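I'm opening my notebook on a new structure today. I'll jot down what I look up as I go.

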Amino acid sequence: MALSLRSWVANEGRKNLLLVVWLAVNVVVFWRTFVLYSSGPQYYYLHQMLGMGVCVSRASASLLNLNCCLVLLPMCRSILTCLRGTLKVWARGGRRLLDQSRNFHSACGTAICVFSVVHVSAHLVNAVSFSVKFSDEFPSLNMAQYRGQDPRIIILTTVPGVTGVLLVLILFLMFTASTPCIRVGSYEIFWFTHNLFIVFYIILTVHVVGGALKYQTNLDTHTPGCLPANHSGFTADTSTNQERELEGRQQREPICGEEARFQSHFPETWLWVLAPLCLYCTERMCRYIRSWTPCTIVTVARHPCQVIELRMLKDGFKAKPGQIIVCID
């Protein structure tokens with residue numbers, strides 16, 4: 001039993017520890033963003049209008065930023081091969097961990113698909129809330145143009161809505177082409193649809209430019225939930241109970257110094273994905289340049305179980321552990 005446990009720790013311990021750390025980071029990022037939008041004073045009026053929809057949509061968006069950043073790193077094969085050949089401290093355990101890079105890529109991709117569904121569902125609820133709970137008091141906070149506007153119009157006539165539809169379509173193509181039945185049977189479909197990731201990242205950076213959700217900027221002069229200045233007095237026909245209720249509220253809540261002002265967030269998605277995207281594109285360019293050197297096929301042998309052996313020669317090439325060959329017809 002002890003030997004089996006030691007073997008499991010040696011072979012699977014680091015992989016599962018990395019998985020636990022990744023899950024913990026996802027949970028922390030989701031919870032912190034959720035709490036910020038549910039109780040942050042700058043989002044008081046936005047939360048009053050959209051409720052839990054704004055919290056879930058923004059928390060899932062944070063996880064999408066995180067995993068869209070991480071999903072590219074395991075695909076930097078040249079860098080991983082270099083690290084695999086230079087690891088001295090981790091020895092075999094570290095090399096086993098690097099060998100699981102594709103599994104980590106799949107885990108991040110699955111997380112992107114799952115939280116995209118959550119994000120889209122939450123924003124569909126937000127579109128309905130923008131229409132039904134249209135704010136006459138704070139017109140700049142609204143995404144709808146008027147009360148009762150069709151939520152489909154809100155989605156299809158705004159930058160976040162249109163780019164969101166395009167992102168869902170591209171993600172659907174990439175996800176379906178990644179299933180084993182298509183990836184194994186028609187690898188070309190998997191390869192070419194996965195290369196849509198460049199278009200996906202470009203649209204992703206544009207997606208947040210529309211500024212659908214806004215935050216209050218003048219918290220120092222307008223305390224969220226304060227009483228408007230024109231509510232500070234009483235009318236002649238005000239009842240005694242209403243007078244007492246209004247007077248008590250005035251004692252509890254301050255009078256607004258000025259009207260609330262709102263502003264869209266500065267787009268942050270590109271800050272998450274820029275470095276991994278540049279790293280991956282640079283590596284792809286280097287691999288493309290290396291592919292200019294001709295490769296000579298020496299022998300081709302067919303083995304049982306549909307295994308084909310290829311022996312090739314390439315000038316200046318020295319095989320290293322972890323390298324693979326991708327053949328596209």
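**Starting with Asn 218**

I began at Asn 218, which, leaving aside its neighbours within four places in sequence, is in contact (heavy atoms within 4.5 Å) with Glu 258, Glu 259, Ala 260 and Arg 261. Before going on, I noted that this is a predicted model, where local features need pLDDT of at least 70 and side-chain atom pairs count only at pLDDT 80 or more, while totals for chains, interfaces and linings use all residues. Residues are numbered from 1 along each chain as its sequence is written, and side-chain values use heavy atoms, with hydrogens and water left out.

Where does Asn 218 sit? I found Asn 218 in the loop between β1 (214–216) and α12 (240–252). Helices (H or I, at least four residues) and strands (E, at least two) are DSSP runs, numbered from the N terminus.

Is Asn 218 buried or exposed? Asn 218 counts as buried because its relative accessibility is 1%; buried means under 20% relative accessible area, exposed over 50%, and partly exposed in between (1.4 Å probe, protein chains only).

Next I checked what the side chain of Asn 218 reaches. One of its polar atoms lies 2.8 Å from the backbone oxygen of Glu 259, and the side chain of Asn 218 also reaches the backbone nitrogen of Arg 261, at 3.0 Å.

**The cores**

Then I looked for nonpolar cores, meaning sets of buried Ala, Val, Leu, Ile, Met, Phe, Trp, Tyr and Cys residues joined through side-chain atoms within 4.5 Å. The largest has 25 residues, and Cys 68, Leu 72, Phe 197, Phe 200 and Tyr 201 have the most contacts inside it. Two or more residues each come from α3 (52–70), α6 (101–132), α8 (159–177), α11 (197–207) and α13 (269–290). The largest share, five residues, is from α11.

I followed Leu 72: not counting residues up to four places away in sequence, Leu 72 touches Phe 197, Tyr 201, Pro 276, Leu 277 and Tyr 280. I also found a second, separate core of 19 residues, which includes Met 49, Ala 59, Phe 130 and Ala 144.

**Record check and whole chain**

In an unreviewed entry, UniProt lists residues 16–39, 59–83, 153–177 and 189–213 as "transmembrane region"; such annotations may be inferred rather than shown by experiment. I looked at residues 59–83: the chain there is 76% helix and 0% strand, with the end C-alpha atoms 34 Å apart. Over residues 189–213 I got 68% helix, 0% strand and 37 Å between the end C-alpha atoms.

Last, I noted that the protein chain comes to 13 helices and four strands, and that buried residues make up 31% of its 329 residues.

Notes: Polar contact = N/O pair within 3.5 Å; in protein donor to acceptor, adjacent residues only side chain to side chain.
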